[in-house]
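Please look over the sequence and the model shown here.

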Amino acid sequence: MRIRSALATTAATATVAAVAVVAAAPAQAAEYSSALKIKGIQYDAPGRDSNSCSTGNTKSEYLTIKNYSRSTTVNLKGYVVKDAAGNTYRFSANHYLQPGDYVSLRGGRGTESDAKNVAYRQNCNFMWNNDKDTVYLYKPSGGRADVHSYTRSRDDRDGNGYITYHG
């Protein structure tokens with residue numbers, strides 16, 4: 001009886017420890033079922049930050065979203081990009097990403113273009129914080145497609161303001 005009891009206690013302790021390890025995993029470690037993923041982010045635009053629509057550098061701050069599917073074209077219409085503070089951009093026009101294709105969502109004003117793989121937020125304010133932030137990508141259904149948190153000190157080893165998530 002003592003041996004069975006000891007084995008049962010050991011197994012129960014190992015199960016509790018495994019659950020604790022899973023619960024401690026960071027949110028961005030979750031893998032979501034979506035062909036679209038955040039490839040990378042230029043969270044700190046090169047140069048001195050200026051959100052002037054005519055002379056500023058908000059167009060140099062961008063998020064790259066890539067279609068990692070090998071066979072499916074994805075329409076971005078209805079997808080939502082959001083930061084930790086709740087700043088939001090919704091793709092409102094049809095924008096088709098072929099397998100392996102990407103789009104750069106940039107600050108500033110401009111025309112959305114499938115041909116040039118670019119969309120503009122139509123807002124000259126910076127969206128991403130230069131020290132830390134969380135980037136969310138939501139499907140049109142409201143489910144998460146991808147999420148990543150970053151801090152300058154932990155994730156940007158070369159200090160160039162760009163972080164790659166999915167190669």
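## Basis and confidence

This is a predicted model, in which local features need pLDDT of at least 70 and side-chain atom pairs count only at pLDDT 80 or more, while totals for chains, interfaces and linings use all residues. Residues are numbered from 1 along each chain as its sequence is written, and side-chain values use heavy atoms, with hydrogens and water left out.

The average pLDDT (the predictor's confidence in each residue, from 0 to 100) of the protein chain is 84, and 81% of the residues score at least 70. Confidence is highest in β9, with a mean of 98, and lowest in helix α1 (residues 2-23), with a mean of 42. The pLDDT is below 50 over residues 1-29, a stretch that has six contacts in the model beyond near neighbours in sequence; contact here means heavy atoms within 4.5 Å.

## Overall architecture

The protein chain holds two helices and 11 strands, which are DSSP runs numbered from the N terminus (helices H or I, at least four residues; strands E, at least two). Along the sequence their pattern is α-β-β-β-β-β-β-β-β-β-β-α-β.

Of the 167 residues, 37% count as buried, where buried means under 20% relative accessible area, exposed over 50%, and partly exposed in between (1.4 Å probe, protein chains only). The protein chain exposes about 9,500 Å², of which carbon and sulfur atoms supply 52%; these areas come from the Shrake-Rupley method with a 1.4 Å probe, and for residues only the protein chains shown count as cover. Of the contacts between residues at least 6 apart in sequence, 57% join residues at least 24 apart.

## The four-stranded sheet

An open, antiparallel sheet is formed by four strands in the order β5-β4-β9-β10, two strands being paired if DSSP finds at least two bridges between them. Its edge strands, each pairing on one side only, are β5 (88-90) and β10 (144-151).

Strand β4 (residues 80-83) pairs with β5 over three bridges in the antiparallel sense, and V81 has Y89 as its bridge partner in β5. Four residues lie between the strands of this hairpin, where G86 takes a positive phi near 95°. On to β9, β4 is joined by four bridges, again antiparallel, with K82 standing opposite Y136. Strand β9 (residues 132-138) in turn pairs with β10 over seven antiparallel bridges, and there the bridge partner of Y136 is V147.

## The nonpolar core

The largest nonpolar core has 24 residues, of which I41, V81, F91 and W128 touch the most other members; such a core is a set of buried Ala, Val, Leu, Ile, Met, Phe, Trp, Tyr and Cys residues joined through side-chain atoms within 4.5 Å. At least two residues of this core come from each of β1, β2, β7 (102-106), β9 and β10, and β1 gives the largest share, three residues.

Neighbours within four places in sequence aside, I41 is in contact with Y62, L63, W128, V135, Y150, G161, Y162, I163 and Y165.

## A buried loop residue

T58 lies in the loop between β1 (36-42) and β2 (62-67), yet T58 counts as buried because its relative accessibility is 3%. Leaving out residues up to four places away in sequence, T58 touches S50, N51, G107, G108, C124, N125 and F126.
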